[in-house]
Amino acid sequence: MKFMKLGSKPDAFQAEGSSIRYVSSELATDVIINVGEVKFYLHKFPLLSKSNCLQKLVVKANEENSDEIHLFDFPGGSKAFEICAKFCYGMIVTLNAYNVVAARCAAEYLEMTETIDRGNLIFKIEVFLNSSIFRSWKDSIIVLQTTKSLLPWSEDLKVVGRCIDSIASKTSVDPVNINWSYTYNRKLAVPEKVVEAEATYQDRLQSVPKDWWVEDICELEMDLYKRVMIAVKSKGRMDGNVIGEALKTYAIRWLPDSIDALVSNDHYRRNKYLVETIICLLPSEKSVEGCSCSFLLKLLKVAMLVGANESAREDLVCRISIKLDEASVDDLLIPSRSPQTTIYDVELVQCIVNRFVMNEKCKVDMAIVEKDEKGSCDFVLARGPWLNVGKLIDGYLAEVARDPNFIFSSFIELSQSIPESARPIHDGLYRAIDIYLKEHPNLIKAEKKKICGLMNVKKLTMEASMHAAQNERLPLRVVVQVLFFEQVRATSSAAQSLKNNSTDASNSTTTNTEEEWDNKTVSENCKSLRKQMNQLKLKDEGELVKKGRQKSIKRGSKNSKSGAQLLPSRSRRIFSKLWVHKKGSSGENRSSETSASSQSPTSMIPVDNKSSGSSSRHRRHSIS
């Protein structure tokens, strides 16, 4: 910390209690000056030689035959006046960042100018401010903090403005040129590394982070912080990410952690003003850089709780919608306010998602208008935000689905807000639907059918399909669809594997006559082996069907030898119908399997064999 000593005589001021100050001297005092509740017993001559104000007041007091002078509304109080009085006596006075502004305002009040005496107190303080204080990073911040209690004097003397300009200018300095101390406790760019004077430019650059100044200015009061940040932004040299980091650090420093403290009557207005101020200081919306989506959503939560003005909340919603693909599910869990009955504010999230969709569509339209032709890699990258938002919405639906007051129509609307291409896999949507059906058991059949219609069973993974096949909360029609497409998938996989094996065998032929003869023999053997395998497969299927019928007759019996016991009874019955349909339909079934993706799997043609051995009869059953 910088300091300046004035005067050379020893300090002769003494105190008598808390309200009397006097100078220990052989000469009797001849004037009493009242500053607040403190009386100063002093001598006229040293005071009048430095202060034009005291000259006028002494003349007035003599006219009134009084030896007391009252200084009303004196800036800095009795301590600041004592500094000025000691300077008049030539006693040693030490000025530093904590008292220099008070002394400057007091000297202005007392009119201690150069017209009264050369090298007066105002001149000396101005030299100290310009040569030392405003050149020091931390002293400038300390001085700025002290100006709050000295308004409007500090403002009129331009001390506040000069401090702000000094701080803002230093934040814009290239980090490699910073050689003063600063506070940085969040994350060190190069931990435990000492930068020597002879260090390379790159080493010094890495040692000082771009946001080195953020923590020091967090101690400023809100109004002063706002003015500093406006000055920093006006310089036009600060990175948007650094501005965002500064605002985030300030919010963490001053906003309470608990909701009760946030909305308490004691700090409600302060917190509201703080949030609105931080929002107005956010980097430009057009800038890709700036605050993270997570921080913006946390700000939105606080803004909703403290009742921030509508324009501030609207600004946050616009910013969040631009970066929604960076958010997490926890970030979107914003508590609702009255009169909403849900736990979380689903309507607000719906609004954000709609804005995101609109923004993305505008980007596509602009690309078409500009005829911006991009490669396949760029197309994949463009789909990235959609895929992230698709996972985000499915995860959010799974969380809010547990709320008993979350209505059916809101679930449908939010799930349909994003296009189908944003969900290449429907496992997350299936999980949300399953949770909603579990927590809302009173849904009617039509509602269950509609909510399950959101899900495409073809886009379920193997694990999700196995779970859905055993899920008794799903309508029977959906379970049949899951089982059917799983069978189609398994059949297609087996056919593809067999095709690949045949291709590999055909590609291995050579021009050698003996190798051609060997390959021909191998090919014939493969065909023979394949025929035998198909016969064994049909035989195994017949045995499975036979066992399934025996189990349907003996429902109460427990047979541990059958692998079908791994599924519930409803799924086993459906599986048995599918296997019988496959065997009875033979060639027709194969053709239907190849076009299964375009056919409805909800209608089957099972084969019923009578115990007397009569011919099978085909019946069409509609399963719903």
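This is a predicted model: local features need pLDDT of at least 70, side-chain atom pairs count only at pLDDT 80 or more; totals for chains, interfaces and linings use all residues.

Modeller: V35 stands opposite V38 in strand β5. The two strands concerned are β4, residues 31-35, and β5, residues 38-42; they run antiparallel and are joined by five bridges. This pair belongs to an open sheet of five strands, ordered β2-β3-β5-β4-β6, with mixed pairing. The edge positions are taken by β2 (13-15) and β6 (68-71). Each of these has a single partner strand, so one side of β2 and one side of β6 are left without a neighbour in the sheet. From one strand to the next, the twist averages 25°. Helix α2, residues 52-63, packs on the sheet and touches β4 and β6. The direction of α2 makes about 135° with that of β6.

S465 lies in helix α22, which spans residues 462-469. Its relative accessibility is 1%, which is under the 20% limit, so S465 counts as buried. Leaving out residues up to four places away in sequence, S465 touches L460, V482, E486 and R489.

As for the cysteines, the structure holds zero disulfides. C291 has a relative accessible area of 5%, so this residue is buried. C362, at 40%, falls between the 20% and 50% limits and is therefore partly exposed.

How values were computed:
Residues are numbered from 1 along each chain as its sequence is written. Side-chain values use heavy atoms; hydrogens and water are left out. A disulfide is a pair of cysteine sulfur atoms within 2.5 Å. Buried means under 20% relative accessible area, exposed over 50%, partly exposed in between (1.4 Å probe, protein chains only). Helices (H or I, at least four residues) and strands (E, at least two) are DSSP runs, numbered from the N terminus. Contact means heavy atoms within 4.5 Å. Two strands pair if DSSP finds at least two bridges between them. Axes are lines fitted to C-alpha atoms, for helices over the stretch in contact, and angles run from 0 to 180 degrees between N-to-C directions.
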